[in-house]
Amino acid sequence: MIQHFQFKPLFENNLLPGWAISFYYKQQQYKAEYKKDGKIVWLGTKPSKEEEETVKKMIHELMLFHVYD
């Protein structure tokens, strides 16, 4: 489960989509950029290949709830 999920716009002009996100997953901190097309660009450490798709699905759900709701 993702914990302490945070997001903020990448640009001061909120009309330009893109967000900086950070969160903890299994006691490891992750940072990424969430692009307007839903692409996730990892900054630094990224989840293992086995867990990456699961984490991406959770991020998409959180972004839908917080940003697009």
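Predicted model: local features only at pLDDT ≥ 70, side-chain atom pairs only at ≥ 80, totals over all residues.
Local features need pLDDT of at least 70 and side-chain atom pairs count only at pLDDT 80 or more, while totals for chains, interfaces and linings use all residues. Residues are numbered from 1 along each chain as its sequence is written, and side-chain values use heavy atoms, with hydrogens and water left out.

Let's start with the salt bridges, of which the structure holds three; the term means a side-chain nitrogen of Lys or Arg within 4 Å of a carboxyl oxygen of Asp or Glu. In one of them, E51 and K26 meet at 2.5 Å, N to O. E51 lies in helix α1 and K26 in the loop between β2 and β3 (28-34), so this pair ties together parts that are 25 residues apart in sequence. Helices (H or I, at least four residues) and strands (E, at least two) are DSSP runs, numbered from the N terminus. K26 is exposed at 59% relative accessible area, whereas E51 is partly exposed at 21% (buried is under 20%, exposed over 50%, partly exposed in between; 1.4 Å probe, protein chains only).

E52 is buried, at 11%.

Now turn to strand β2, where you will find S22. With 16% relative accessibility, S22 counts as buried, and S22 touches H4, F5, Q6, Y30 and K31, leaving aside residues up to four places away in sequence (contact means heavy atoms within 4.5 Å).
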